[in-house]
Amino acid sequence: MYTVLVIDDSASMRRILKDMIGSIDEFEVVAVANDAYEAREKIKEYEPDLVTIDINMPKMDGVTFLRNLMRLHPMPAVVISGESVRGSDIFDDGAVGFIPKPDNGETMQSFEARIKDTLLSLTFLLKRYTLKKPASQKKDYRPTVSPDYKVHPDEVIPLKPASFGGQKLIAIGSSTGGVESLLKVFSKLPNNLPPIVMTQHIPYGFSSSFAQRLNDYSEVNVCEAVDGQILEFGHAYLAPGNMHLTIEKVGNVLKTKLLDAKKVSQHKPSVDVLFRSVNNSVGGSAMAVMMTGMGDDGTIAMKELFDNGAYTIAQNEASCVVFGMPMKAIQAGAVKEIVHLDEISDYIIAFSRGKVR
C-alpha cells in the first residue's frame, strides 16, 4: 500500500482526488493540504510515498513548491493541474507524472481512469523509493493518542535555569514560513556573531540541505547540528529534522547534544526543548527569537527565558506567513520586542554588540 498526500487549494477537487485515488487498491490517501505550507507540515507528519500537486495555489505556486521539494527532500510527485501547457515543463522540475484536470465534457469516470492508469504505471518507481526510505521514516500514520495531547518539555528536559549569565548565545525558533524567513535574516548577518542555534520545524531529510542553503546565503558558517559540537562564534547550528537539539555547558564551553526523545508540543525537533536547554546553559545571557509558525511550540520555554532575564523578540504579524507561534509567545508575556522580519537581523547584531538587552 502506497501512501499519498493530495495538495490542492480546491476543497471539491481534494475530495474528488481523495476518493478516486483511495479507490485504487495499491494506494491510500493519508492526508490532504490546501497550500504548500500546509503540505510541508503534512509531509513531515505523514511521510507519504507520493504527493500530488496542483499548480495554481495561494501563497506558493505548485511549480515553486515542486522545485523546493526536489531540492530539499526529493520524493515521487505527480502534478495534477488544469494547466496542460505546463505538462512537459514539470518533468524538468522533477515530477514523475502529469495528469491534466478534466476539460469541459470529460466525464469523472474518464478522469478517474486516467488517474488510475498514471498511478499504477508508477508503482515500480514507488517500490524502489519506499525500499530506500529509512526504516525510521516508515511509521503507522494512524493516530494512537488524542491529537490534542501535547507532551510538556518537562518530560524531555528538566528546567534548571542558569542563575548566572555567561557566554552570549542566540536561539531561534520557527515553523511554517520559516525557511524563506530565515534565508532573509541570515543573508544580512555578519560572521562575527555569538553562536546561533536554531530549531525549524522541517521534515526529516530537509534539514541538511536547508542548512547548506543557509550557509550559501550567509557569511555565517551554518551546519546541521551533530552531537557534541563545541559552539563557536560566527557559526550557526540547525536542529536535524528528526532530533531535538539541546545545548549543555561542559566546563567553560557550550556543546550540542541531540536527543532522540518523544515529540514536545507535537514537534521533534521542538523549539521548547531548545529554548529550555539554552536557559539551563546561559540563562539571561541568551537572546531568543520567535519567528513565523503555526501552533505554540516554544512559548513555555521562551517565557522561562524572559523571566530569567534573557532578551526575547518575536516577529510581527505583518511579516509572518503564520502568526501562531509569535502570537502565543506575546500573549504569554514572553516577549520584550515585536519586530518586522526585515529588522530581525539588526536586532541580532545589536544584541551581539551589547546595544540591546
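**Exercise 1. A pair of neighbouring helices**

Helix H9 crosses helix H10 in a left-handed way. The model you are looking at is predicted. Your task: work out how H9 and H10 are oriented to each other, and which residues bring them into contact.

*Solution.* 

- Step 1: find the two helices. H9 covers residues 271-282, and H10 covers residues 299-307.
- Step 2: look at the geometry. The axes of H9 and H10 are 7 Å apart, and the helices pack at an angle of about 20°.
- Step 3: classify the angle. Angles under 35 degrees count as roughly parallel, so H9 is roughly parallel to H10.
- Step 4: list the partners. H9 contributes Asp272, Phe275, Arg276, Val278 and Asn279, while H10 contributes Thr299, Ile300, Ala301, Met302, Glu304 and Leu305.
- Step 5: sort them by class. The contact of H9 with H10 holds 6 nonpolar, 2 polar and 3 charged residues.

**Exercise 2. Helix H1 and its partner**

Now turn to helix H1 (residues 11-22) and helix H5 (residues 108-121). Your task: describe how H1 and H5 cross and what their contact is made of.

*Solution.* 

- Step 1: take the geometry. The axes of H1 and H5 come within 10 Å and cross at roughly 60°.
- Step 2: name the arrangement. H1 and H5 are therefore oblique to each other, and their crossing is right-handed.
- Step 3: find the contact. From H1 come Met13, Ile16, Leu17, Met20 and Ile21, and they meet Met108, Phe111, Glu112, Ile115 and Leu119 of H5.
- Step 4: count by class. There are 9 nonpolar residues, no polar ones and 1 charged one in the contact of H1 with H5.
- Step 5: look at another residue of this helix. Arg15 lies in H1 and is exposed, with a relative accessible area of 53%. The C-alpha atom of Arg15 is separated by 8.9 Å from that of Val32, which is 17 residues apart from Arg15 along the chain.

**Exercise 3. Inside the nonpolar core**

Which residues of the largest nonpolar core touch the most other members, and what does Phe186 touch?

*Solution.* 

- Step 1: start with the core. It has 30 residues, and those touching the most other members are Ile172, Phe186, Leu189, Ile196, Met198, Ile344 and Ile348.
- Step 2: see where the core comes from. Among the elements that each supply at least two residues are strand S6 (169-174), helix H7 (178-186), strand S7 (196-200) and helix H12 (341-352).
- Step 3: zoom in on Phe186. Not counting residues up to four places away in sequence, Phe186 touches Ile172, Ile196, Met198, Leu214, Tyr217, Ser218, Val220, Val222 and Ala236.
- Step 4: check helix H7 as a whole. Of its 9 residues, 7 are buried, so H7 is largely enclosed by the rest of the structure. Phe186 is one of the buried residues of H7, and Leu182 is another.
- Step 5: see how H7 meets H12. Their axes come within 8 Å and cross at roughly 45°, which makes H7 oblique to H12. Ser181, Lys184 and Val185 of H7 meet Leu341, Ile344, Ser345 and Ile348 of H12.

**Exercise 4. Two backbone exceptions**

Most residues other than glycine have a negative phi, and most peptide bonds are trans. Where do Glu47 and Pro269 lie, and what is the phi of Glu47?

*Solution.* 

- Step 1: take Glu47. Its phi is near 45°, a positive value in a residue other than glycine.
- Step 2: take the peptide bond from Lys268 to Pro269. This bond is cis, with omega near 10°.
- Step 3: The loop between strand S11 (253-259) and H9 contains Pro269.

Terms used. Residues are numbered from 1 along each chain as its sequence is written. This is a predicted model: local features need pLDDT of at least 70, side-chain atom pairs count only at pLDDT 80 or more; totals for chains, interfaces and linings use all residues. Side-chain values use heavy atoms; hydrogens and water are left out. Axes are lines fitted to C-alpha atoms, for helices over the stretch in contact, and angles run from 0 to 180 degrees between N-to-C directions. Helices (H or I, at least four residues) and strands (E, at least two) are DSSP runs, numbered from the N terminus. Angles under 35 degrees count as roughly parallel, over 145 as roughly antiparallel, 65 to 115 as roughly perpendicular and the rest as oblique. A crossing is left-handed if the near helix is turned anticlockwise from the far one by less than a right angle, and right-handed if clockwise. Contact means heavy atoms within 4.5 Å. Ala, Val, Leu, Ile, Met, Phe, Trp, Tyr, Cys and Pro count as nonpolar, Asp, Glu, Lys and Arg as charged, and the others, Gly among them, as polar. A nonpolar core is a set of buried Ala, Val, Leu, Ile, Met, Phe, Trp, Tyr and Cys residues joined through side-chain atoms within 4.5 Å. Buried means under 20% relative accessible area, exposed over 50%, partly exposed in between (1.4 Å probe, protein chains only).
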